[in-house]
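Work through the exercises below with the coordinates open. Each task is followed by a solution in steps.

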Amino acid sequence: MAITSANQLELLQTAEAVAREKMIDPGLVVEAMEESLARAAKSRYGSEMDIRVSIDRKTGKATFTRVRTVVEDEELENYQAEMTVEQARQYLESPAIGDQYVEEIPPVEMGRIAAQSAKQVILQKVREAERDRQFEEFKDRAGTIINGVVKREEYGNVIVDVGAGEAILRRNEKIGRESYRPNDRIRCYIKDVRREVRGPQIFLSRTAPEFMAELFKMEVPEIYDGIIEIKAVARDPGSRAKIAVISYDGSIDPVGACVGMRGSRVQAVVNELQGEKIDIIPWNEDQPTFLVNALQPAEVSKVVLDEEAGKIEVVVPEEQLSLAIGRRGQNVRLASQLTNLDIDIMTEEEESARRQKEFEARTKLFIETLDLDEFFAQLLVSEGFTNLEEVAYVELDELLVIDGVDEGTAEELQARARDYLEAQAKAALDNARSMGVEDSLIEFEGLTPQMVEALAKDDVKSLEDFATCADWELAGGWTTVDGERVKDDGILEPFGVSLEEAQNFVMTARIVLGWVDPEELISEEEPVEGEEQEAEA
């Protein structure tokens, strides 16, 4: 596309044609032409010159100008594009730093090489404008479903034509062994839209849990209208899925609405997902109740929830165990994803054996530490006492309800428990000091001698060491390795320190050391008036 200064109207016609073809603003194409003409003029007059080109949007006439900027004497470097105040006096009446002198120069006739260079500049600008338009069009569509046509398959990844551009469905985002041929129609979830050097990248998915949620939204009008809400989705793509729903209208059954007449609604979703079996579960705010629903079709005898650890124990009859776990652990895995809890499943016999073991261990503890006979120790355990602290510091009345325990016996029990605990604390403190623990850590409020001893064994021996610990190092936590959740043991986890308590410990230590200003923390935590109103809303 050779552009010369003569065919002026042709410039505008070309710009409009390119803009229509690429669906971009004609002004962007004209700007690209101006830049390409300026580049061609620089190659003719000199690359150091500041040459600018302006194309009239009505007539197509290209005006070539040379710009020289007024600078201070010591800053003058480019004589072709800059001049001093003294030099500028011959062109301007009262020049000042920053003023520009603009003079028109003769237009250039572009040869073959210059025209080719200009064409490259225009094409580059057009491509950039096209990418920007594509990104703007799709950036707000992330999280929605799109229909496209398969263009080709590359190394297992499917390239999809989505109308105004191309998107990619990666191999690991396809369901099972799905294969597509060119011109096949495909429905996908837009997982992510990213602006990259080679243009916007649109990433599609058919395995995302959100894909199933969006399909249900399309099939179930009540979900689209907000009467029914999808609270959680867990999928084993191509095999099985669980979806939890709740209805905000008492007259509408959320499960029935999602299933549809004779299963028509859920069947439409199943067909799109290559026959993936879907369990539709009523959502419940009470986690144990919700878990019982999530483990369907297995029947659950008992649920024990440990909220601090985010863990739950489920007891099922022996004949229901394989059904609750599911093939290759699928049922319990999906229920765990759905409830966001770690689930331990055991039979009634296993739970009974474990409880008996715990009973024996606690009985033994009381026999050895409080010098009691077996019968009396069993009485304590039966009444719900699990450790020495409970015996030592409980209200006296709670001991008096035990058969055969009078006030004197209760006081003796508490005295023995306190003596034993104090002896243990002294031994732990002596051991910690022998390992070189500083007083600043020993005297830190909230840490028991046993905790200090445990910290010392992990080489935390000063308040400075303690203040640099992460909360999960103290309280423990979970990390995901190769898709499996792995437990990280915390230093203070055996003492029942929660993650929130660990955060408070560390932050208090940093405030004591002067590393953190408490006033700044308060100002960060206090919401401004607008935020407070928004939070209330």
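**Exercise 1.** Find which residues of helix α18 (residues 449-457) are buried, and which elements they pack against.

Solution. The model is predicted: local features need pLDDT of at least 70, side-chain atom pairs count only at pLDDT 80 or more, and totals for chains, interfaces and linings use all residues. Residues are numbered from 1 along each chain as its sequence is written, and side-chain values use heavy atoms, with hydrogens and water left out.

Step 1. Helices are DSSP runs (H or I, at least four residues), strands are E runs of at least two, and both are numbered from the N terminus. Buried means under 20% relative accessible area, exposed over 50%, and partly exposed in between, with a 1.4 Å probe and protein chains only. In α18, Met-451, Val-452, Glu-453, Ala-454, Leu-455 and Ala-456 are buried.

Step 2. Contact means heavy atoms within 4.5 Å. The buried residues of α18 pack against α16, α17 (439-442), α19 and α20 (471-475).

**Exercise 2.** Describe how α16 and α18 are arranged and which residues meet.

Solution. Step 1. Axes are lines fitted to C-alpha atoms, for helices over the stretch in contact, and angles run from 0 to 180 degrees between N-to-C directions. The axes of α16 (residues 407-434) and α18 come within 8 Å and cross at roughly 30 degrees. α16 is therefore roughly parallel to α18 (angles under 35 degrees count as roughly parallel).

Step 1. The crossing of α16 with α18 is left-handed: the near helix is turned anticlockwise from the far one by less than a right angle, and clockwise would be right-handed.

Step 2. From α16, Leu-421, Gln-424, Ala-425, Ala-428, Leu-429, Asn-431 and Ala-432 meet Pro-449, Gln-450, Val-452, Glu-453 and Lys-457 of α18. This contact of α16 with α18 has 7 nonpolar, 3 polar and 2 charged residues. Ala, Val, Leu, Ile, Met, Phe, Trp, Tyr, Cys and Pro count as nonpolar, Asp, Glu, Lys and Arg as charged, and the others, Gly among them, as polar.

**Exercise 3.** Determine where the buried residues of α8 (residues 264-272) lie around the helix.

Solution. Step 1. The buried residues of α8 are Val-266, Val-269 and Val-270.

Step 1. Viewed down the axis of α8, they fall within an arc of 100 degrees, so they line one face of the helix; the arc is that of the directions from the helix axis to the C-beta atoms.

Step 2. These buried residues pack against α5 (209-219), α7 (254-259) and β12 (277-282).

**Exercise 4.** Examine the surroundings of Val-233.

Solution. Step 1. Val-233 lies in strand β10 (residues 228-236) and is buried, with a relative accessible area of 19%.

Step 1. Not counting residues up to four places away in sequence, Val-233 touches Pro-209, Met-212, Ala-213, Lys-242, Ile-243 and Leu-338.

Methods. Parallel < 35°, antiparallel > 145°, perpendicular 65-115°, else oblique.
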